[in-house]
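Trainee: I'd like to learn how to read strands and helix packing in a model. Can we go through one together?
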Amino acid sequence: MRILLLVSAFNGLSQRVWCALREAGHDVGVLLAANGREIVDGVHAAAPDLIICPYLTERVPAQVWQRWRTVIIHPGPVGDRGPSSLDWAISDGAPAWGVTALQAVEEFDAGPIWATRTFPMPAAPPRKSALYLGPVSDAALECVFEVVAKASDPSFVPVPAENTPTEAPGARPRPPIRQRDRAFGWAEPSESILRRVRAADGSPGVRTEVGGLEVYAYDAHLGLARGGRPGSILSRRQGAVLVATGDGSLWIGHLRPAAEGGIKLPATTVLGERLRGVPHSPAGPQADPEAPSAYRQVRYRRTGAVGWLHFDFYNGAMAAGHSRRLLAGLRHAVAQDTRVLVLRGGTEAFSNGIHLNAIEGAADPAGAAWAGIRAINEVCREIITCTRQIVVAAYAGNAGAGGVMLGLGADIIAARDGIVLNPYYDIGLFGSELHTFTLPRRVGTDSAQRLIDDKLPISAGQAARLGLVDEVGPRHPEAYAQWLAALADHHSDVRTARKRRAAKAKRLAAERIPLEVYETRELAEMSRDIYTDRSGFAAARRGFVRKTEPQGTPRRLILAANAGPATATRPRPTNAGPAERRPAIRPAIPVSA
């Protein structure tokens, strides 16, 4: 079937749907919804059998839905309507929620029903982004495949919404949620404030005052401290500030100044001199990882012969400081007498590489970018050269750009089913993370070049078929954690671990070209991108941070007139423009096998 994804942005859910439909054998294209005229023209050019809208905030023109079957994936159960479904569900503490696939009609979210799924909401208030990338994404994918199956049945007629009972109590039409609906006072209980902030994370945040500055707050976590004056800043740690509440405290990791032009940054960066006199609250990577109220981005624990290094950076973004913390934790873990070391990233994101917001917000963006890439490279080097333990990189969440490359030097890459990887650089950077060393050794030089050039997302399953990933575990986070523990235990066998470590040490010793050569070449290319802006890094970074609307749909995503089911190993598209070309991944010096 020829399927067109009509989307406002090619976000994580849209990418997951795109990958899954292609792997099921369908011809799939993407059309970014800009305005009514462009939508109509784009749909006419694609001539699809079916239009699916996994993420759409614009109205579908009547000229489209009246001629082509168009199905909206709405992040709410039957009976729910409005653009703030997840915000209201989290704010109200709904016990259950859902996803509905409904046919596009003149009125928003009012069309007949093609499919629906419901799921229980977490007991603790989830971040909106975590809910969206987790249960909502899973339910949406099930709905999409049910829609596709029904679309091939000429006798199928969608059911009017009024004839479909809701399975989620409280689902009803709701208006857009406003800041007045999100507002809180710091004298309120911590749990209440936490719920409001997480319902607005990662956009638009909740407007409040911190340290005397009007800001939007994000990235909230329960704190342990009690007794402070509500609203006062008690301490700071790793970019976050601890703010007193009516019955305790909350860590606030990120803020965005309310003044026009402000961007989201670590809270301590935004507050700056306002934190004069506020004490630091240090914590090393070996601190107890099971303490839920301790704000630590990097945690270490061990179970028998297995060491676990957990790291979870907001949105997977890594500034130089994040990389240095991870490097310190990594070196601490490597120094232990374990046989296996598991590097586990967050469930929302394993890593997305260097921190573009921190770079954009820096007084010297080029200097911040250079420091960021040098710091993350140190982490990559430590992973590649580790021969004391078998290193398992656990990709529990999505990863992009340098975040994909970060763990490629591990002995085993264990991904969670359903995640999406974007193994390429697409913002005017050649890229580093020693990918010219690790990527060809995993997938071969030709496939590595195609992944970099094609600039397409791939699923965990496709990554495994390419050799980018070694193992794919269960989708459910708890099941994945159990599976990962069993995998680590399996590789911790004394003889197996010794043999594998020795083989790695021998392989590294046989390399004729030092790692420094690969890094030097990558950094030479990166220096031109960062300091001379040869490929438009500054504008691309600014557009990403400021959420500038893209100028049309990238040609690589357009549904071609005679396209067949594509794979990541297909020949490089002939319509890739000059801006998509980059120096070859092949090093100037031959690479040893």
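This is a predicted model: local features need pLDDT of at least 70, side-chain atom pairs count only at pLDDT 80 or more; totals for chains, interfaces and linings use all residues.

Trainee: Which strand pairs with E9, and in what sense?

Mentor: In a regular strand, the side chains alternate between the two faces of the sheet. Here E9 pairs with strand E10 (residues 240-244) in the antiparallel sense, over 4 bridges. Arg-236 sits opposite Val-241 of E10. The two strands make a hairpin with 2 residues between them, and Gln-238 in that turn has a positive phi of about 50 degrees.

Trainee: What is the strand order in the open sheet of 6 strands?

Mentor: Read it as E13-E14-E15-E17-E19-E22, with mixed pairing. Strands E13 (298-303) and E22 (471-473) are at the edges with a single partner strand each, so one side of each has no neighbour in the sheet. Inside the order, E14 (residues 306-311) and E15 (residues 340-344) run parallel, joined by 5 bridges; Trp-308 has Val-342 in E15 as its bridge partner.

Trainee: And how do I read the packing of helices H11 and H18?

Mentor: Two packed helices are described by the angle and the distance between their axes. The axes of H11 (residues 365-385) and H18 (residues 515-531) come within 11 Å and cross at roughly 160 degrees. Angles over 145 count as roughly antiparallel, so that is how H11 runs relative to H18. Their crossing is right-handed. The residues in contact include Trp-370 of H11 and Leu-523 of H18; by class, the contact has 10 nonpolar, 4 polar and 4 charged residues.

Note on methods. Residues are numbered from 1 along each chain as its sequence is written. Side-chain values use heavy atoms; hydrogens and water are left out. Two strands pair if DSSP finds at least two bridges between them. Axes are lines fitted to C-alpha atoms, for helices over the stretch in contact, and angles run from 0 to 180 degrees between N-to-C directions. Angles under 35 degrees count as roughly parallel, over 145 as roughly antiparallel, 65 to 115 as roughly perpendicular and the rest as oblique. A crossing is left-handed if the near helix is turned anticlockwise from the far one by less than a right angle, and right-handed if clockwise. Contact means heavy atoms within 4.5 Å. Ala, Val, Leu, Ile, Met, Phe, Trp, Tyr, Cys and Pro count as nonpolar, Asp, Glu, Lys and Arg as charged, and the others, Gly among them, as polar.
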